[in-house]
Amino acid sequence: IAIDPIFAQAGSFSEGYAFVKMRERVGVIDREGEWIFPPCFEYLSSFKNGIAIVCAEDRYGFLRLK
């Protein structure tokens, strides 16, 4: 799978999704390169069982897909 190189950083795909970094924020894309969540997080872990750890505005929580 090839995604256009428009991101400052990108993680490996996990459960069909990957984190990507743009302008110091992190978001989530699918395997087609479509945004699932726009880059609004300071931190985002890999997904495990459909859940990732996120940080936004110095607050941590969980992000669940579907």
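## Cysteines

A disulfide is a pair of cysteine sulfur atoms within 2.5 Å. In this predicted model, the number of disulfides is zero. The cysteine sulfur closest to that of Cys55 belongs to Cys40 and lies 11 Å away, so the two are too far apart for a bond. Seen from Cys40, the closest cysteine sulfur is in Cys55, again at 11 Å and too far for a bond.

The two residues fall into separate accessibility classes. Cys55 has a relative accessible area of 4% and is buried, whereas Cys40 is partly exposed at 38% relative accessibility.

## Aromatic pair Phe7 and Trp35

The structure contains three aromatic pairs. One of them joins Phe7 and Trp35, whose ring centres are 5.7 Å apart and whose planes stand at 90°, an edge-to-face arrangement.

Phe7 is buried, its relative accessible area being 18%. Because the limit for buried is under 20%, the value of 18% places Phe7 in that class. Trp35, with a relative accessible area of 35%, is partly exposed.

## Aromatic pair Phe37 and Phe41

Phe37 and Phe41 form another pair, with ring centres 6.5 Å apart and planes at 65°. Planes over 60 degrees apart count as edge-to-face, so this pair is edge-to-face.

Phe41 is buried, with 9% relative accessible area. For Phe37 the relative accessible area is 24%, so this residue is partly exposed.

Technical notes. Residues numbered from 1 in each chain as written. Predicted model: local features only at pLDDT ≥ 70, side-chain atom pairs only at ≥ 80, totals over all residues. Heavy atoms only, no water. Phe/Tyr/Trp six-rings, centres within 6.5 Å; stacked < 30°, edge-to-face > 60°. Buried < 20%, exposed > 50% of the residue type's maximum accessible area, 1.4 Å probe, protein only.
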